Amino acid sequence: PSSRRWCLRRPCDVSSEADVLRAASGTVERLGRIDVCFANAGFLASADPLQLSLEEWRGLLAVNLDGAFLTFREVARHMVERGGGGKLVAIGSISERFGTPRQAHYAASKAALGSLVRSFAVELARHDVQVNLLLPGWIATEATESAMAYAPLHEAILRRTPARRWGAPQDLEGIAVYLASDASRFHTGDSIRVDGGYSIF
């Protein structure tokens with residue numbers, strides 16, 4: 001049926017422009033169109049900013065920021081060309097709003113991502129393409145296992161979080177579905193925190 005939605009996953013090094021071009025064109029070739037795209041690739045790294053090398057800085061930004069830009073650019077080109085609107089959603093982090101020790105490059109990449117999202121939102125609004133940013137708080141995943149295992153940090157996060165627990169990946173599902181649906185057609189350029197109240201307490 002025409003109402004059926006399909007999802008396709010393709011391996012892609014988002015720091016490579018050629019890879020992103022191949023993934024975008026291959027997806028359109030396979031499915032005929034792209035209606036929704038989440039820019040979710042990224043990684044977290046810790047380093048003393050006074051010892052942080054330019055290579056480390058650029059390596060992280062190449063994935064976390066350049067990758068989102070390249071992904072949005074290629075998918076947006078397709079959406080504008082075919083018409084009919086669409087959805088672009090980036091996954092940021094609440095670290096964009098705090099001074100984060102030993103994560104200057106990570107925090108900078110996520111703060112810049114917010115500006116990228118707002119700029120794309122302004123550019124694409126007239127094409128009925130909504131662009132938004134999700135800001136997860138402390139979510140229990142493989143990437144945060146070491147933080148959860150470090151008792152002082154784990155307890156500090158629980159004390160700071162009014163919900164008194166770490167988030168689960170499922171806590172992002174509802175807002176992600178909303179941002180990918182027609183219910184959010186007048187909602188664009190926003191940064192939405194999903195952090196159990198961590199950033200307001």
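Three aromatic pairs turn up in a search of the whole structure, which is a predicted model. One of them joins F72 and F120. Their ring centres lie 5.8 Å apart, and the planes make an angle of 65°. That geometry is edge-to-face. The pair links distant parts of the chain: F72 belongs to helix 2, F120 to helix 3, and 48 residues separate them.

T71 counts as buried because its relative accessibility is 13%, under the 20% cut-off.

| Residue | Relative accessible area | State |
|---|---|---|
| T71 | 13% | buried |

What surrounds T71? Leaving aside residues up to four places away in sequence, T71 touches V14, V20 and C37. A polar atom of the T71 side chain also lies 2.8 Å from the backbone oxygen of G67.

Now to helix 3. This helix covers residues 104–124, 21 residues in total. From first C-alpha to last, helix 3 reaches 30 Å, close to the 30 Å expected at 1.5 Å a residue. Its buried residues include H105, Y106, L113, L116, V117, F120 and L124. Among the others are K110 and S109. The buried residues of helix 3 pack against helix 2 (54–82), strand 2 (86–91) and strand 3 (129–136).

One more ring contact involves a charge. R160 lies over the face of Y198, 4.2 Å from the ring centre.

Methods
Residues are numbered from 1 along each chain as its sequence is written. This is a predicted model: local features need pLDDT of at least 70, side-chain atom pairs count only at pLDDT 80 or more; totals for chains, interfaces and linings use all residues. Side-chain values use heavy atoms; hydrogens and water are left out. Helices (H or I, at least four residues) and strands (E, at least two) are DSSP runs, numbered from the N terminus. The expected span of a helix is 1.5 Å times one less than its number of residues. Buried means under 20% relative accessible area, exposed over 50%, partly exposed in between (1.4 Å probe, protein chains only). Contact means heavy atoms within 4.5 Å. A polar contact is a pair of N or O atoms within 3.5 Å; within protein, one must be able to donate a hydrogen and the other to accept it, and residues adjacent in sequence count only if both atoms are side-chain atoms. Rings of Phe, Tyr and Trp (its six-membered ring) pair if their centres lie within 6.5 Å; planes under 30 degrees apart count as stacked, over 60 as edge-to-face and the rest as tilted. A charge sits over a ring if NZ of Lys or CZ of Arg is within 6 Å of the ring centre and within 35 degrees of the ring normal.
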